[in-house]
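Subject: A structure for you to look at

Hello,

I am handing over the structure I promised you. Have a look at it first, and then read on for what I found.

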Amino acid sequence: MRSIRRQFRALISPYERTISSSSSSSEPVFRTPKLEKTFFKSQSSEETLVKRLCRENRHEEAIMNLCQRFRLTEAIQVLDRIERPSPLIYSNLLQLCLQQKALEGTKRVHAHIKRSASFLGVSSLNRIIDIYCKCGSLVDARNVFDEMHERDLCSWNTMVSGYAKAGQLKDARNLFDEMSERDNFSWTAIISGYVRHGFPNDALQLCRTMSNDYNVKCNKFTVCSALAASAATQCLTVGKEIHGHIVRTGMDSDGVVWSALSDMYGKCGSLDEAKHIFDKTLDKDVVTWTAMIDRYFKHGRKEEGFVLFSELLKSGNKPNEFTFAGILNVCALYNLESLGRQVHGYMARIGFNQSSFAASALIHMYCRCGNIEIADRVFKWIPKPDLASWTSLINGYAQNGQPEEAIKLFESLLESGTKPDHITFVGVLSACTHSGLVDKGLEYFNSIKEKHGLAYTVDHYACAVDLLSRSGRFSEAEDMIKKMPMKPDKFLWASLLAGCKTHGNLDFAKRAAEALFKIEPENAATYVTLSNIYAAAGKWADVAKIRNLMDVNKVVKKPGRSWTEIKRKVYTFLMGDTSNPRLNEIHELLEELQKKIREEGYIPKTDYVLHDVEDEQKEQNLSYHSEKLAIAFAILVTPPGTSIKVFKNLRTCVDCHTFIKYVSKLVNRKIIVRDSSRFHCFEDGSCSCKDYW
């Protein structure tokens with residue numbers, strides 16, 4: 001990983017600049033009075049010309065003039081004054097209808113053709129069918145098709161393709177089966193329709209049938225549809241057969257085919273084969289590069305994905321917003337802020353669309369990495385933030401212990417006229433949950449349907465139940481669960497169980513745990529949380545039963561793992577791991593810190609230690625939790641006063657939370673800890689969560 005970071009620095013550092021507050025404004029466009037006068041004069045002269053042509057009964061010339069200026073409605077109004085216009089007039093009007101996807105305009109022109117009793121050949125009727133299909137009126141298209149006295153292959157293909165693209169596969173297949181003659185377009189249309197609308201097995205069956213049609217030879221479009229079907233079914237064997245066919249027929253020189261082939265191997269899990277195809281592809285464009293990079297990330301091979309991104313920068317291809325968004329989302333997922341900053345610097349250097357979803361990905365990345373200040377700066381830099389940007393920052397504030405800012409931003413969103421969606425409400429409800437604003441949260445919850453007309457989701461109910469159970473209002477939480485229009489999911493029951501842990505409610509805890517055991521019996525978190533609740537109540541026999549149940553179900557508790565980034569290198573810590581060369585120093589520092597903070601009033605919180613052992617042993621079990629090891633290491637290797645940032649894969653325990661509060665004051669450090677639930681910012685003996693997490 002370190003070598004990858006060096007490659008990034010070498011490539012991107014020339015373009016990096018300090019990410020500081022800046023504003024970008026586009027220069028206003030001024031229209032001079034002279035230009036304005038000329039513009040309106042030209043408009044007026046055009047209108048005068050049309051009126052004069054109509055007065056002189058030169059209606060066809062008037063229609064042509066209006067078509068040239070894309071004035072379809074006026075052109076059709078003039079058409080109604082002509083009894084039998086020339087075919088050229090109809091052709092121009094239909095072309096304009098197609099360009100503007102004007103269904104009503106198409107109907108009016110078509111009706112005029114019928115009234116004028118003009119003879120239309122097969123090709124003209126095919127064109128009308130195509131326009132109706134592209135305007136979304138398959139009923140009108142089918143009526144024209146059925147009324148045709150003579151049809152050619154194009155007539156059938158156009159109608160089959162229209163049905164297939166719209167997802168009306170039964171109608172498409174019925175027509176396809178009636179065809180007396182088929183060509184490549186026919187097969188490609190029906191096969192791609194099955195692939196596009198989620199029936200890849202049917203598509204593959206058609207591919208096999210097509211191979212028996214000796215009158216048809218596969219072209220690149222049919223092959224790409226077949227490869228897409230293989231990818232969707234993850235049928236590598238069939239994909240390899242198609243690959244062999246591609247090589248035998250000489251289609252392996254086509255870039256589109258190579259891209260589809262690489263995609264098939266990637267989606268079938270054969271990433272090395274996909275990379276082999278990618279390497280052999282000539283004239284790779286940014287879409288090809290981005291697709292291959294994303295395949296590495298989706299398969300968890302992030303190092304190779306970053307290396308390939310470095311190669312993209314060297315290749316001379318300019319990354320696009322899809323490339324940037326993919327890279328930034330991976331940086332967010334793995335908390336790689338330093339890499340994310342370098343990408344941000346490069347984006348700023350080469351310029352990119354401030355309103356693109358790459359900008360939203362930037363906000364998301366900084367929020368996930370705990371740098372809410374820069375996330376806010378990026379948000380303010382976007383001229384017109386989209387909903388994704390608003391939602392990312394609202395969630396960011398909620399997760400970073402600033403619920404008041406999250407609520408304030410949500411209110412600003414409403415004032416801006418941007419309509420929130422269900423994800424936005426999850427963010428603002430989470431903010432209320434983390435700050436104990438029960439009544440405010442319930443007000444927002446009720447407004448989802450009453451004020452904003454959105455349907456409730458199970459996520460909204462999970463947030464509301466979490467809100468109530470954290471506050472100990474279990475009766476209200478139970479009533480809400482009973483009234484839910486959908487079945488409670490694992491997140492809702494987990495929220496209820498967490499609230500039971502906070503308030504020691506054994507009755508509700510058992511019910512929530514039983515529901516979770518049925519939904520996901522393999523999830524160790526449920527067993528551990530219930531064990532913690534029993535341990536805190538001193539019910540060691542019940543703790544033993546839960547541990548035995550874990551053994552019977554072969555459930556293993558996920559080990560706590562924490563990591564911190566120092567000088568662009570990531571250090572990982574696990575309880576009991578002896579691989580760190582400075583482990584003795586870390587333990588000595590922890591003992592020293594424990595001794596000093598005890599003098600300040602720190603008392604180890606041993607309630608949740610799962611073993612029924614002496615208090616001294618319980619304290620020993622707590623002393624070397626992974627986040628404590630990571631923080632001690634960071635204190636050892638960084639200068640005094642340096643902020644420390646630690647990430648943990650599990651929820652931090654009460655004792656560690658208390659310990660870190662005391663340590664932040666003792667060593668005069670800002671310590672940020674991201675657990676599985678949220679960010680905790682410890683400073684001068686207090687935490688941003690206000691002990692409510």
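This is a predicted model: local features need pLDDT of at least 70, side-chain atom pairs count only at pLDDT 80 or more; totals for chains, interfaces and linings use all residues.

M251 counts as buried, because its relative accessibility is 12% and the cut-off for buried is under 20%. You will find M251 in the loop between helix 14 (236-249) and helix 15 (255-267). What does M251 touch, leaving aside residues up to four places away in sequence? Its contacts are C218, N219, K220, V223, H245, I246 and V257.

Now for the whole protein. It has 36 helices and six strands, and its C-alpha trace spans about 105 × 70 × 60 Å along the principal axes. Of the 693 residues, 48% are buried. If you take contacts between residues at least 6 apart in sequence, 64% of them join residues at least 24 apart.

The six strands form an open sheet with mixed pairing, in the order 2-1-3-4-5-6. Which strands stand at the edges? They are strand 2 (569-574) and strand 6 (686-687); each has a single partner strand, so one side of each is left without a neighbour in the sheet.

You can walk through part of the sheet pair by pair. Strand 1 and strand 3 run antiparallel and are joined by three bridges, with T564 having V646 of strand 3 as its bridge partner. Strand 3 and strand 4 run parallel, with four bridges between them. Here V646 turns up again, with V673 in strand 4 as its bridge partner. Strand 4 (residues 671-674) then pairs with strand 5 (residues 679-683) in the antiparallel sense, over four bridges. In that pair, V673 stands opposite H680 of strand 5.

Helix 35 (residues 626-637) touches strand 1 (561-566), strand 2, strand 3 (644-648) and strand 4, and its direction makes about 20° with that of strand 1. Helix 36 touches strand 4, strand 5 and strand 6, and its direction makes about 35° with that of strand 5.

Is strand 3 enclosed or open to the outside? Four of its five residues are buried, so strand 3 is largely enclosed by the rest of the structure.

Two pairs of helices

Two packed helices are described by the angle between their axes and the distance between the axes.

Start with helix 33 (residues 583-599) and helix 36 (residues 654-666), which pack at an angle of about 90° with their axes 10 Å apart. That angle makes helix 33 roughly perpendicular to helix 36. On the helix 33 side, the residues in contact are L590, L593, Q594, K596 and I597; on the helix 36 side, they are F659, Y662, V663 and L666. Sorted by class, this contact has seven nonpolar residues, one polar and one charged.

Next, look at helix 10 (residues 169-178) and helix 11 (residues 184-196), whose axes come within 11 Å and cross at roughly 155°. These two helices are therefore roughly antiparallel to each other. The crossing of helix 10 past helix 11 is left-handed. L169, A172, R173 and F176 of helix 10 meet S186, W187, I190, G193 and Y194 of helix 11. By class, this contact has six nonpolar, two polar and one charged residues.

Most residues other than glycine have a negative phi. Two lysines in loops are worth a look here.

K101 is not a glycine, yet its phi is positive, at about 50°. K101 lies in the loop between helix 5 (87-99) and helix 6 (103-115). Its relative accessibility is 48%, so K101 counts as partly exposed.

K567 also has a positive phi, near 50°, and lies in the loop between strand 1 and strand 2. Is K567 buried or exposed? It is exposed, because its relative accessible area is 74% and the cut-off for exposed is over 50%.

Enjoy exploring, and write back with any questions.

Best wishes

Key: Residues are numbered from 1 along each chain as its sequence is written. Side-chain values use heavy atoms; hydrogens and water are left out. Axes are lines fitted to C-alpha atoms, for helices over the stretch in contact, and angles run from 0 to 180 degrees between N-to-C directions. Angles under 35 degrees count as roughly parallel, over 145 as roughly antiparallel, 65 to 115 as roughly perpendicular and the rest as oblique. Contact means heavy atoms within 4.5 Å. Ala, Val, Leu, Ile, Met, Phe, Trp, Tyr, Cys and Pro count as nonpolar, Asp, Glu, Lys and Arg as charged, and the others, Gly among them, as polar. Two strands pair if DSSP finds at least two bridges between them. A crossing is left-handed if the near helix is turned anticlockwise from the far one by less than a right angle, and right-handed if clockwise. Buried means under 20% relative accessible area, exposed over 50%, partly exposed in between (1.4 Å probe, protein chains only).
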